[in-house]
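Biologist: Thanks for sitting down with me over this one. Could you put the sequence and the structure up, so that we can go through them together?

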Amino acid sequence: MTEEQKIQHLYWRAGFGLSPTAFQQKRKLPLNKVIKDLFKAAKKIQPVQMPHYNLPSAESFKAMSKAERLIKKKEIQKLTPEINLNWVRQMASDDYSCLQEKMTLFWHGHFACESKRFDYAARQINSIRAQALGNFRDLVLAISKDTSMILYLNNQQNRKNKPNENYARELMELFTIGRGNYSEQDVKEAARAFTGWFSDRKTGEFKFTERQHDADSKTFMGKTGNWNGDDIIDLILDRKETATFLARKVYRYFVNEKINDKNVALLAKVLYQSNYNIGTMMQTLFESDWFYAKQNVGVKIKSPVELLVGMSKVLNLKFGNAKSVLFPQNYLGQMLFRPPNVAGWPGGKTWIDNSTLMLRMNFAAVVFQRVELSLELKDQPEQPKARRLKNLDISGDVVALTKVFSNVKEADLGLKLEGYLLQVPFGTKDSFIETLAKEAETSEGQIKAYVLGLMSLPEYQVC
Amino acid sequence: MKNISRRQFVKHSSLATAGTLLLPRFLNAFDQKSIQNNKNRKLVVVQFSGGNDGLNAIVPYTNDVYYKSRPNIAVPSNKVLKATDNLGFNPKLKVLQNLYDSGDVCIINNIGYPDPDRSHFRSMDIWHTASASNEFLSTGWLGRYLDGNCTNCQNPHHAIEVNDALSLALKGAQMNGFAMKNPTQLKNTTRSKIVQAVAKHHHDHEHEENVAYLYKTLANTISSADYIYEKSKIYSSKTAYPKGQLGKELKQVAELIISETDTQIYYVTLGGFDTHNNQVNKQERLLQGYSEAMSAFVKDLKQNDKWDDTLVMTFSEFGRRVAENGSRGTDHGAGNNLYLMGGKLKKQGFYNEGPDLMHLEKGDIKYTVDFRNVYATILKDWLKTDDQAVLQKTFKSLGFI
């Protein structure tokens with residue numbers, strides 16, 4: 001691998017690939033500097049933009065009639081796609097830290113949770129963002145106090161005399177330590193410790209309700225005390241199995257679905273010894289030689305969001321409305337704020353079936369040539385009527401691409417663009433893509449033809 | 001459609017050749033054996049999305065609790081199509097009455113699962129994956145059937161979902177079903193210049209596993225699209241189907257079955273059952289559409305001697321609350337009913353008693369039959385496969401087929 005290829009690999013995994021401009025700026029820099037810069041840029045927390053909407057205050061909401069409240073509630077739910085759109089725009093923009101965006105996306109899938117209201121969705125994604133490279137303890141505590149999560153996993157119903165185990169169970173099974181490392185009794189005791197951890201229905205803020213909290217003694221993972229939720233999290237994080245569980249998940253997502261136990265053990269050790277500093281673990285990962293090994297490059301099937309955002313980076317895609325990001329996400333199986341269940345998106349080959357592959361391969365043509373695919377989504381409850389892929393408002397341009405690649409000799413253009421767009425070789429030379437490109441009369445036309453061809457390849461679906 | 005010009009024909013056959021040209025590296029002999037025993041047996045799944053109100057579909061027309069709980073939306077007893085002393089059909093569900101009379105339907109009451117989930121998405125996932133309510137699976141029950149019985153199937157059209165997108169039910173760990181709205185549209189999608197060029201592109205070097213998988217999926221998609229397109233031209237139904245979407249889709253299914261397509265499972269969806277307000281008109285319009293489309297489908301298959309080889313299962317992710325809400329609708333509930341139709345049913349009419357409305361669970365009908373028992377029966381007795389391997393647990397057969 002050349003240094004340039006390493007930088008591209010890094011950007012695909014730590015972000016969503018390089019825009020043409022960023023490609024030009026970074027490609028000749030030393031790898032270690034590029035890594036440092038990524039982490040430096042991620043330090044500045046940039047929350048997702050809120051749509052303009054006057055949220056009623058708790059008082060005025062209370063004063064409303066039932067019918068008025070219902071209308072407001074519907075308005076608030078209708079705006080959730082706007083958060084989705086704003087987040088996708090942010091992921092696609094070079095003005096934001098791609099590492100911060102990628103980590104936020106990763107944790108969004110890890111702490112999989114459906115958010116129905118735009119304000120709750122934004123709040124959750126912003127508190128994830130603030131800790132995405134910070135301390136895992138703070139992150140999991142923030143999630144435990146997050147309104148969307150409290151509602152999604154029924155902690156709102158977790159009361160002193162009537163505990164609800166849902167959150168306590170998923171906290172251990174999916175968010176921290178994993179199956180096989182705790183007992184059913186631990187689930188019961190942890191649920192008691194989280195009793196009274198409610199969301200204030202009026203403000204949407206976390207509210208500890210003491211009279212619903214079980215303050216009696218609990219025995220959790222062999223230790224007895226008057227544990228509350230914070231203590232439970234501490235006790236879970238004391239166990240090394242938790243670091244291993246998280247390191248495995250990170251490895252599968254950022255490196256390879258096929259686990260290398262030695263590398264995972266290293267990440268787990270770094271995480272545990274740094275007292276669960278996520279940034280430290282991620283930096284170790286991106287600085288390791290094995291991360292750039294051939295068997296770890298181009299082996300990940302891009303998630304729908306990675307694919308969409310990656311194309312946006314190259315083509316400067318403009319999404320005119322929320323529908324334009326929702327449809328492809330929905331159709332391809334990864335709708336932000338709507339994971340299939342609390343276990344998140346399974347990823348890998350499960351992204352692919354005959355219909356998703358066809359849309360993935362035709363998507364560049366949809367954007368570029370405004371090809372209309374008449375695809376329809378199923379009618380879904382609590383969703384607007386089935387929408388068609390027609391009327392999507394997505395447009396792009398090759399201005400930046402042309403600027404960056406205009407000096408390349410015509411004979412090298414295909415190879416250069418292939419090197420920029422693909423993480424696995426295809427062999428553009430003498431292929432149908434070259435034939436297609438040669439038909440074009442201008443250099444911009446040639447670039448367009450190459451990019452369209454390359455983005456339609458199965459090879460473009462992996463990174 | 002019927003009379004294709006010579007030029008078109010040449011085009012199609014050259015395409016077919018193109019399809020096979022790129023196939024060899026993925027080509028496995030189609031394993032006829034695995035599906036030989038039951039090859040002709042078809043399963044058609046009809047999904048009602050949104051939570052069909054089973055109580056207003058199969059009506060307990062002598063039950064006071066029913067009428068007291070639903071002062072505005074209950075089906076008046078004089079309108080019910082009466083079947084037994086206490087159960088009858090919604091007046092729009094004529095198909096059920098007819099099939100009830102001819103012994104071609106088996107209705108299972110109080111279907112559900114333990115710890116019911118009242119979220120559409122979660123409950124639908126539970127039905128699709130056949131999981132327990134606290135278990136998360138990423139493969140569907142029919143997908144796992146394909147995994148176990150179709151590992152050597154060359155093409156994914158062994159199970160077709162008549163839709164643009166594929167449901168979780170049809171996704172396996174190794175095998176997937178095939179999503180197809182209509183054969184012509186599918187063919188057009190795979191015939192885009194780029195897709196054809198990519199598929200034809202010759203690959204000398206070995207691909208990494210995931211890229212190889214993508215190329216394989218592409219090759220299979222194209223060859224299935226070609227195959228289904230050819231099959232779809234064999235038989236054009238003369239039966240009159242109603243105009244709606246479901247009518248079109250069931251007509252499609254009937255045509256493929258009658259053309260003896262190598263497809264065993266078909267999956268169609270009818271949405272719109274989430275009737276939180278003004279339920280009566282909305283639900284009855286849907287039920288009428290279903291009834292008319294299904295009547296045509298049954299007639300079509302009977303006329304073509306395929307009805308005895310067919311089993312149709314109609315389900316929804318949950319039933320609705322027994323009591324109506326404040327907007328002449330109903331909210332999400334639990335226990336429901338499920339219809340099985342076919343020419344070879346062993347158990348006809350009502351499989352079990354109607355719901356016990358005196359003993360509800362949080363205002364909902366309690367389940368007495370786990371839906372996974374229905375799946376087990378279909379897998380074991382109809383598709384003749386190892387139901388335990390697919391469901392990963394033992395569920396007793398209900399013996400309805």
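Biologist: Let me begin with A:Phe254: is A:Phe254 buried or exposed?

Modeller: Happy to start there, keeping in mind that this is a predicted model. A:Phe254 belongs to helix 14 of chain A, which covers residues 240-254. Its relative accessibility is 0%, and buried means under 20%. So A:Phe254 counts as buried.

Biologist: Which residues does A:Phe254 touch, leaving out those up to four places away in sequence?

Modeller: Contact here means heavy atoms within 4.5 Å. With those sequence neighbours left out, the residues touched by A:Phe254 are A:Arg13, A:Lys102, A:Met103, A:Phe106, A:Met282, A:Leu285, A:Phe286 and A:Phe291.

Biologist: And what separates the C-alpha atoms of A:Phe254 and A:Trp12?

Modeller: Along the chain, A:Phe254 and A:Trp12 are 242 residues apart.

Biologist: Which loop of chain A holds A:Met221, and what is its phi?

Modeller: A:Met221 lies between strand 3 (218-220) and strand 4 (223-225) of chain A. It is buried, at a relative accessible area of 17%. Most residues other than glycine have a negative phi. A:Met221 is not a glycine, yet its phi is positive, at about 50°.

Biologist: What is the phi of B:Ala130?

Modeller: B:Ala130 is in the loop between helix 5 (120-129) and helix 6 (141-149) of chain B. With a relative accessible area of 5%, B:Ala130 is buried. Its phi is positive although the residue is other than glycine, with a value near 60°.

Biologist: Let's finish with chain B as a whole: what share of its residues count as buried?

Modeller: Chain B has 13 helices and 12 strands. Its accessible surface comes to about 15800 Å², and 48% of that belongs to carbon and sulfur atoms. Of the 401 residues in chain B, the share that count as buried is 62%.

Methods:
Residues are numbered from 1 along each chain as its sequence is written. Chains are lettered from A and ligands numbered from 1 in the order in which they are written. This is a predicted model: local features need pLDDT of at least 70, side-chain atom pairs count only at pLDDT 80 or more; totals for chains, interfaces and linings use all residues. Side-chain values use heavy atoms; hydrogens and water are left out. Helices (H or I, at least four residues) and strands (E, at least two) are DSSP runs, numbered from the N terminus. Buried means under 20% relative accessible area, exposed over 50%, partly exposed in between (1.4 Å probe, protein chains only). Accessible areas come from the Shrake-Rupley method with a 1.4 Å probe; for residues, only the protein chains shown count as cover.
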